[in-house]
Each structure stands twice: as structure tokens, then as C-alpha cells.
Amino acid sequence: MAAPPEKTLKNLAGKWVMNKTLSDDTDRILQMQGVGWFLRRAIALATITLTVTEYTKDDLTHIDISQVASPGGITSVENRTLDWEYRDHTDKIFGAVKGKSRWVKLSDVDDDDFLKKGWDDLEGEHVQSYVESEGGGWTADQVWGFEILDGKRYYVRHVVVRKGDDWKLARLVYDYQK
């Protein structure tokens with residue numbers, strides 16, 4: 001289901017399911033991030049569901065996401081505080097990483113046009129999330145927002161993963177579930 005109009009980046013709470021028809025293939029990105037073939041196959045076949053909780057604490061926006069791949073029950077948790085401060089995290093899939101997140105205007109996103117284009121709101125604030133692998137040598141830069149695709153509005157993440165001189169791009173599209 002497309003995102004209802006009341007769902008915004010300031011109100012993401014709810015369940016979101018990756019739309020694999022509209023999303024780009026993630027296999028090359030996952031391979032670059034050191035995810036093994038068997039796990040990549042499981043992820044490719046799974047339904048990816050994000051359960052999002054969003055709240056403000058001490059004047060900072062927090063976006064907590066539980067991500068589940070079904071069947072298989074592969075679960076990861078992303079707790080983001082939008083203050084652009086690094087936080088360490090150990091992920092079941094990606095291992096030790098450090099990341100930071102913030103509210104950002106597209107004009108303030110560094111260096112990659114892919115992260116800036118296609119949004120339904122080019123002037124407002126988006127969420128940017130940047131992650132560095134502690135041992136894998138890769139980085140992932142994401143911008144979140146909403147796009148109109150096939151006449152419908154969707155929650156979307158633009159992702160750029162870099163490792164050395166190599167880089168991969170993906171657009172991840174999510175359907176809203178009540």
C-alpha cells in the first residue's frame with residue numbers, strides 16, 4: 001500500500017514492507033558489505049518488514065527500527081538519534097559499525113546527486129544516515145524521504161555504499177502496512 005498523506009518523515013511510525021518490485025536489487029551492495037552468498041540469497045527471497053517507532057526526547061528526534069526478514073526471522077535493530085553524532089553499534093548482519101544520522105536539506109548533502117534526486121519534496125528536510133564499517137572497509141550513506149512512483153507516494157531510501165574506489169547505488173522502496 002502506498003504511504004498515506006499523514007505519513008511523513010516526522011511521522012514514520014508503523015510497519016513498512018520492502019516493495020521488491022519497485023526497489024533496486026541489493027545483492028551487489030550486500031556483497032560489497034561482506035555478506036555471504038547464503039545470507040544474501042535468504043535476504044533476496046525474504047519479505048523485509050520495518051517496524052518504526054519515532055519520538056522526541058531531550059529535543060532530539062529518535063527513530064528506532066526493528067527490521068525482520070521472513071521467513072527465517074533474521075532480525076536487526078537500527079536506533080537512530082538525529083544529532084549527527086557517531087554511535088557504535090554491532091549488527092548481526094554487518095558486524096561492528098559506527099553511524100550518525102540527522103535532519104538535512106538536500107542542498108546540504110555532500111557529493112552524490114543520487115542521494116538528492118527524485119524526491120517529492122525537494123525543499124524540506126530529509127533524514128540522512130551515514131554508517132562506517134569498523135572492519136569491513138565500507139561506508140553507507142542514505143537519504144530517506146518520499147517519492148511518487150507510478151502515481152503513488154512511497155517511503156524511499158536512496159543508498160550509496162562505497163568500498164575503496166568501488167561504489168554501488170540502490171533505491172529501496174517501502175509499502176505502508178497499518
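This is a predicted model: local features need pLDDT of at least 70, side-chain atom pairs count only at pLDDT 80 or more; totals for chains, interfaces and linings use all residues.
1. Two strands count as paired if DSSP finds at least two bridges between them. E3 covers residues 60–70 and E4 covers residues 74–81; the two run antiparallel and are joined by 8 bridges. Within this pairing, His62 sits opposite Thr81 of E4.

2. On to the interior. In soluble globular proteins, nonpolar side chains tend to be buried together. Here the largest nonpolar core holds 34 residues, and Leu9, Leu12, Trp16, Trp144 and Tyr155 have the most contacts inside it.

3. Setting aside residues up to four places away in sequence, Trp16 touches Ala3, Lys7, Ile48, Thr49, Leu50, Val52, Phe146, Tyr155, Tyr174, Asp175 and Tyr176.

4. Finally, please visit Glu132, which lies in strand E7 (residues 125–133). Is Glu132 buried, partly exposed or exposed? Its relative accessibility is 21%, so Glu132 counts as partly exposed, given that buried means under 20%.

5. As for the surroundings of Glu132, its side chain makes a polar contact of 3.5 Å with the side chain of Tyr130. Beyond neighbours within four places in sequence, Glu132 is in contact with Tyr86, Ala96, Val97, Lys98, Trp138 and Thr139. Asp88 is 44 residues from Glu132 along the chain, and their C-alpha atoms are 9.6 Å apart.

Notes. Residues are numbered from 1 along each chain as its sequence is written. Side-chain values use heavy atoms; hydrogens and water are left out. Helices (H or I, at least four residues) and strands (E, at least two) are DSSP runs, numbered from the N terminus. A nonpolar core is a set of buried Ala, Val, Leu, Ile, Met, Phe, Trp, Tyr and Cys residues joined through side-chain atoms within 4.5 Å. Buried means under 20% relative accessible area, exposed over 50%, partly exposed in between (1.4 Å probe, protein chains only). Contact means heavy atoms within 4.5 Å. A polar contact is a pair of N or O atoms within 3.5 Å; within protein, one must be able to donate a hydrogen and the other to accept it, and residues adjacent in sequence count only if both atoms are side-chain atoms.
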